[in-house]
Amino acid sequence: MGMAEGSGGRPLRVLVAGGGIAGQALAFWLARGGHRVTVVERFPALRAAGAQVDLRGQGIEAVERMGLLDAVRGRLVDEAGVALVDARGRARATIMANTSGKGRQTLTSEYEIMRGDLVRILHDATRKDAEYVFGKSVDGFAQDEHRVVAHFSDGTRGEYDLLVGADGQGSRIRRAILPDGFDPYWRVGIHMAYWFVPRIASDSTIRDTYMVPGGRQIMRRSHNPAETQVYFVLREESEDASAIHRAPVEHQQEFWASRFHDAGWQTERFVEGMRSSPFFYSQEIVQVRTDTWSRGHVVLAGDAAHCASPYSGMGISGGLVGAHVLAGEINRHPADLPTALANYESMLRPFVDTIQSQVKPRLLRLAMPMTRRAIGAFQATTALACRLHLPDLAARLSKEDRGGTWQLPENPAPLSTV
């Protein structure tokens with residue numbers, strides 16, 4: 001794979017911290033641009049756990065541009081729609097997926113996939129072209145105008161032309177390049193935990209959403225014949241809730257079990273399944289908002305730069321799109337990184353602003369009522385809207401999906417290796 005002809009540059013040595021969606025998508029395009037890419041992932045193996053994610057709008061196109069859409073289609077989760085259920089599990093209202101091929105996706109995307117499957121697809125497409133190192137992380141770095149030296153958790157160091165922080169919403173690289181005391185988090189006052197439980201006969205392909213007084217919500221969705229995903233969602237603005245996500249997992253599980261002990265429906269089954277779940281994840285719903293994504297030879301990508309939160313429906317798509325833009329600029333200006341990184345910011349920022357602005361805390365709170373009466377009213381309104389086919393019509397008639405009219409720039413590199 002030759003360097004872009006006429007760039008006159010040598011291949012860049014790029015270190016990507018984080019082997020998630022954005023990190024691997026970046027490795028895909030940079031390797032095709034002829035660069036030497038190393039991905040370090042602090043997890044001892046490919047981090048292929050996680051819940052169900054979706055692709056929408058420009059994210060679908062980004063995967064198609066990589067030539068991976070068929071691979072993704074082969075691993076899709078069958079989710080027919082979303083139902084609001086009562087304590088007996090009866091559906092009060094159901095919003096089906098928009099499979100018309102027109103307009104925008106509804107609450108369920110046509111491209112629903114387990115995060116782990118998408119991570120594996122990206123890994124298979126990059127592992128021959130990029131070097132992967134597991135069980136190691138970047139603990140710190142030092143840079144001058146020519147290069148960046150990364151200090152690794154195993155005591156070694158390495159010299160690179162560029163360090164990419166693709167290390168997620170809690171990014172350590174981001175903390176190192178932002179001013180001391182800067183808080184990058186825009187909070188919405190909502191917390192979420194999710195895990196897997198064994199699937200039972202009544203678990204259908206419709207996602208069930210159960211609303212509980214006190215701004216609580218339980219979701220159940222089943223992604224394969226054996227497993228069901230459980231989500232507990234809590235509207236709470238307290239120090240306790242914000243701090244719990246850094247506590248040991250046993251404490252997290254006690255917190256969630258105690259907040260939901262009186263919730264009814266299938267709560268007992270779900271709490272019981274926590275202890276034996278293959279993984280358990282607890283997080284505060286935040287967006288990452290900073291006015292700069294790079295400093296010198298260090299740049300942020302994906303959630304580390306612009307986490308849009310699960311409620312945007314565009315977190316994964318945003319990571320894929322951001323990697324596409326960043327790699328394209330680096331491949332076009334390998335000998336002039338300041339220009340590449342400035343272009344990345346100015347080109348991607350309008351898209352990120354669009355997807356982040358989709359999250360409206362007041363609307364989210366409306367959908368997580370505090371009282372039984374408000375829940376009844378919400379369900380009745382939604383049921384009426386569904387009987388009138390309003391969500392379906394709105395989705396089909398919509399001119400654009402959540403990423404707006406922003407267009408993906410040209411491919412970062414040719415896919416053929418001629």
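**Figure 1. Packing of helices α1 and α10 in a predicted model**. With an angle of about 30° between them, α1 and α10 are roughly parallel to each other, because angles under 35 degrees count as roughly parallel, over 145 as roughly antiparallel, 65 to 115 as roughly perpendicular and the rest as oblique. Their axes are 8 Å apart; axes are lines fitted to C-alpha atoms, for helices over the stretch in contact, and angles run from 0 to 180 degrees between N-to-C directions. The two helices make a right-handed crossing (left-handed if the near helix is turned anticlockwise from the far one by less than a right angle, right-handed if clockwise). From α1, Ile21, Ala22, Ala25, Leu26, Trp29 and Leu30 meet Ile316, Gly319, Leu320, Ala323, His324, Leu326, Ala327, Ile330 and Asn331 of α10, where contact means heavy atoms within 4.5 Å. The contact of α1 with α10 has 12 nonpolar, three polar and no charged residues (Ala, Val, Leu, Ile, Met, Phe, Trp, Tyr, Cys and Pro count as nonpolar, Asp, Glu, Lys and Arg as charged, and the others, Gly among them, as polar). Helices (H or I, at least four residues) and strands (E, at least two) are DSSP runs, numbered from the N terminus. Residues are numbered from 1 along each chain as its sequence is written. In this predicted model, local features need pLDDT of at least 70, side-chain atom pairs count only at pLDDT 80 or more, and totals for chains, interfaces and linings use all residues, while side-chain values use heavy atoms, with hydrogens and water left out.

**Figure 2. Packing of α1 against α4**. The axes of α1 (residues 21-32) and α4 (residues 115-126) come within 9 Å and cross at roughly 20°, which makes α1 roughly parallel to α4. The crossing is left-handed. On the α1 side the contact is made by Ile21, Gln24, Ala27, Phe28 and Arg32, and on the α4 side by Arg115, Leu118, Val119, Leu122, His123, Ala125 and Thr126. By class, these are seven nonpolar, three polar and two charged residues.

**Figure 3. The pair α10 and α11**. α10 (residues 315-332) and α11 (residues 337-357) pack at about 155°, their axes 8 Å apart, and are therefore roughly antiparallel to each other. α10 passes α11 in a right-handed crossing. Residues in the contact include Gly318, Val321 and Gly322 of α10 and Leu337, Ala340 and Leu341 of α11. The contact divides into 12 nonpolar, three polar and one charged residue.

**Figure 4. Helix α7 and its cover**. The 12 residues of α7 (residues 249-260) should span 16 Å at 1.5 Å a residue, and the end C-alpha atoms are 17 Å apart, which agrees; the expected span is 1.5 Å times one less than the number of residues. Gln252, Gln253, Phe255, Trp256, Ala257 and Phe260 are buried (under 20% relative accessible area; exposed is over 50%, partly exposed in between; 1.4 Å probe, protein chains only). Elements covering these residues include β12 (185-198), β14 (216-222), α6 (239-244) and α8 (267-274).

**Figure 5. Alanine 150 in strand β9**. Alanine 150 counts as buried at 1% relative accessibility. Among the residues that alanine 150 touches are Leu15, Val138, Phe141 and Tyr160. The C-alpha atoms of alanine 150 and tyrosine 160 are separated by 7.7 Å.

**Figure 6. Tryptophan 265 in the loop between α7 and α8**. Tryptophan 265 has a positive phi of about 55° although it is not a glycine. This residue counts as buried at 16% relative accessibility.

Terms used. Lists of a residue's contacts leave out its neighbours within four places in sequence.
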